[in-house]
Amino acid sequence: MLFRLLVISAAAASLLPAPAMAQPQVLRWGGDAEGGAPFVEADPSDPSKLTGFDVEIAELIARKLGRTPQFLQVQFTSLDQSARRGDFDIGLSGIEDIPARRASLAASIPYYEFREVMTVRDGDRDRYRSLADLRGRKVATLGGTIAYDLLLEAERSHGLTAVSYDDDVHPYSDLLLGRVDAVVLDNVLADRAMRRNPGLATHADALATGHYIIITAPENTQLRDQVDAILREAMRDGTLEAIFRKWNVWNDDQPRLFARVAESGQSGSEPVASPAISSATMRYLPSLLRAAIVTLVLSCLAMALAVALGMSIAIGRVYGGPIIRLVLTVYVEVMRGTPVLLQLFVIYYGLAAVIRLPAFIAALLGLGLNYAAYESEIYRSALEAVPRGQLDAARILGFSRGQTLRLIRAPQAFRLALAPMTNDFVALLKDSSLVSMLTVVELTKQTQIFATNIGSWVVPGLLCAVLYLAMSLPLGHLARRLEARWRLPTP
Amino acid sequence: MTNALTVRGLRLTRGSREILKGVDLQAREGEVVALMGLSGSGKTTILRVIAGLEPADGGDVQAAKVGMVFQFHYLFEHLSAIDNVTLAPMQVQKVSRREAEDRAKALLDQLGVGHRAHALPRELSGGEAQRVAIARALAVDPPLLLLDEPTASLDPARRHDLGDALHALAATGRALVMTSHDADFVRDHATRVVVLADGRVVEEGDPHQVLGHPQHPATRELLQVERARRR
């Protein structure tokens, strides 16, 4: 919460024109405190303060530059875009050294070497020793990381299923819950997860190695060179070692990395050939289409649930007794009055102790139950808008109340409800992007992964928009045609 | 001839307003009874009470099975003309679709709207909609047919056709009760007229007699208003 406030105030501050001076006094550094220790986390004893090795490195750099460090909270997956926009001067938060990043940003020399390691439940320690043992199983990681690319490759070579999370805490909690069977992340995160969650075992063998780097805006190579110099000095004089030792992440890999960096004498950012956008697009197009199908199927099923439940609620509110009406009114107000994101979290993570719903089912239920509240209001007003005369005519002809509802009132109400329903379906299509929080890779999430990997939002954003429009426009067209056919006379 | 409808001492209050203050009314098989009265005299309300759409506050209504044709028809807007007619026989009386459709076609033909069987209500003219509404009411074969202002949506030529249709219906042994403000139509086509004023029946009898030589001041006022409206 606190960090959200920080983001807002920092974002507001960044809107103000920067005072013109040769050497700014403040060093704005971006990171994601949600990632937590040992990188960046709120100090448990004083949540307004931050602690972590990345915090100390940022402070070291600021001190050497003679500036005051100022933290800016940025979602981990948005750090690159934010750096490019110039929201902060330097970014560090366990940021991995990948080609796309070097191509699109100014990146420092590596300052830490990590190993991608596999964590499993204690009981599976001997069963699942490598990715090859996980055929047909789900393996979790953080989206947009080296580990995720590793798992995507393993999907093809070993037939496992990669599950992408937006944070590095829930992969491990879902591992314990049995929703996934292994987690692949770097050893720093794995070690922390092992400390927090008894019942996990990590295989020490590296599936890959990688490095953390510091990023700056692409044009800010001057600052990047300053950062490189400060890092080199800190490697030589033991400052960096002291920081890593303090946070318990020092190991034998680091002196070797420091030696290599000292030898190379080069700047961190050798321009790396950026993956050609056209070839990347061709590579990502199938997964974007698959994700669009997930979006469409999820939205259609959720809407079907919302329509069925919404109709029942509406009928209950129009025909039911006072207790039924009260219960249904409370349901509608609660579902409409709280964020759908919160409802999704409660269904997926909150209920996990009681019932362990698969992610897709939880997403379907969350969206369906939420939209049912909105649909019910549409049907209720539509039922009430059917002219009284229609009901009088039905009564005299001898129809029962149930028959009148089924044969006359509901069909007419449905026609009245069609336009607002279509509207809601298009809204649902877009709201379905929220379920990426529950590890369902739908269109928006896949676009984000695409954008992170090629380091640009332009092509992925356009493709994503085209796919959403391809889904929503025909729907609007169909609804208009039905409406024209069913048009009721103006009373 | 037996009474298809007997109403005794009907009273009805809405809020503080007494709408009906003890109305007596009978209709026998073969009769076409016209209820007349100024706007607000309670004509339509009586039909609605007889049809069971409004509860009365006092009095007694004994009616055979009722069919009703509303002033604004209230055809089921989502169904074609023929589906409007077949819905109740099929769903309420559990008649087979084929039988219901044969009968509906015959009724629509008889009323001169057979060619409009597959039109939606919004595609029908006022007169066509009214005849479909009559067919719908007749499809369940009610001995008593109520019609609220049946001439309101008709031009003069159509009025005459309607009159003939009502006579034909009465001739098959039904009792018809209609409200109307059209004195000429009532004179030509009703077998009896009942004049309402201030929630009571003030005069009734043969239409030529009552409308030609009105005895009650309310009847005279009614005819004056009617004449004024025509000019």
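Residues are numbered from 1 along each chain as its sequence is written, and chains are lettered from A in the order in which they are written. In this predicted model, local features need pLDDT of at least 70, side-chain atom pairs count only at pLDDT 80 or more, and totals for chains, interfaces and linings use all residues, while side-chain values use heavy atoms, with hydrogens and water left out.

Strand pairing was examined around strand 1 of chain A. Helices (H or I, at least four residues) and strands (E, at least two) are DSSP runs, numbered from the N terminus. Two strands pair if DSSP finds at least two bridges between them. Strand 1 of chain A covers residues 26-31, and strand 4 of chain A covers residues 68-73. The two run parallel and share 6 bridges. Gly30(A) has Leu72(A) as its bridge partner in strand 4 of chain A. Strand 1 of chain A also runs parallel to strand 5 of chain A (residues 90-91), with 2 bridges between them. There, Trp29(A) is opposite Ile90(A).

Salt bridges were then searched for. A salt bridge is a side-chain nitrogen of Lys or Arg within 4 Å of a carboxyl oxygen of Asp or Glu. The whole structure holds 39 salt bridges over all chains. In one of them, Glu113(A) meets Arg260(A) at 2.7 Å, N to O. Glu113(A) belongs to strand 7 (residues 112-121) of chain A and Arg260(A) to helix 10 (residues 253-264) of chain A, so the pair ties together parts 147 residues apart in sequence. Exposure is given as relative accessible area: buried means under 20%, exposed over 50%, and partly exposed in between (1.4 Å probe, protein chains only). Glu113(A) is buried, at 10%. Arg260(A) is partly exposed, at 42%.

A second salt bridge joins Lys445(A) to Asp166(A), with the closest N and O atoms 2.3 Å apart. Lys445(A) sits in helix 17 (residues 443-454) of chain A, and Asp166(A) in the loop between strand 9 (161-165) and helix 6 (170-177) of chain A, so the pair ties together parts 279 residues apart in sequence. Both Lys445(A) and Asp166(A) are buried.

Arg192(A) and Asp168(A) also form a salt bridge (2.6 Å, N to O). Arg192(A) lies in helix 7 (residues 187-196) of chain A, Asp168(A) in the loop between strand 9 and helix 6 of chain A, and the two are 24 residues apart. Arg192(A) is buried, with a relative accessible area of 4%. Asp168(A) is buried too, at 9%. Shared partners join Arg121(A), Asp124(A), Arg127(A), Arg137(A) and Asp181(A) into one salt-bridge network.

The interface was examined last. Contact means heavy atoms within 4.5 Å. By this rule, 21 residues of chain B touch 23 residues of chain A. Buried area is the accessible area (1.4 Å probe) that two parts lose on being put together, summed over both. Between chain B and chain A it is about 1,900 Å², and carbon and sulfur atoms give 63% of this. Phe76(B), His78(B) and Arg122(B) supply 34% of the area that chain B buries against chain A, more than any other three residues. The interface has 1 salt bridge. Arg48(B) and Asp392(A) meet in a salt bridge at 2.9 Å, N to O. Strand 5 (66-69) and helix 2 (81-91) of chain B each supply at least two residues of the side that touches chain A.
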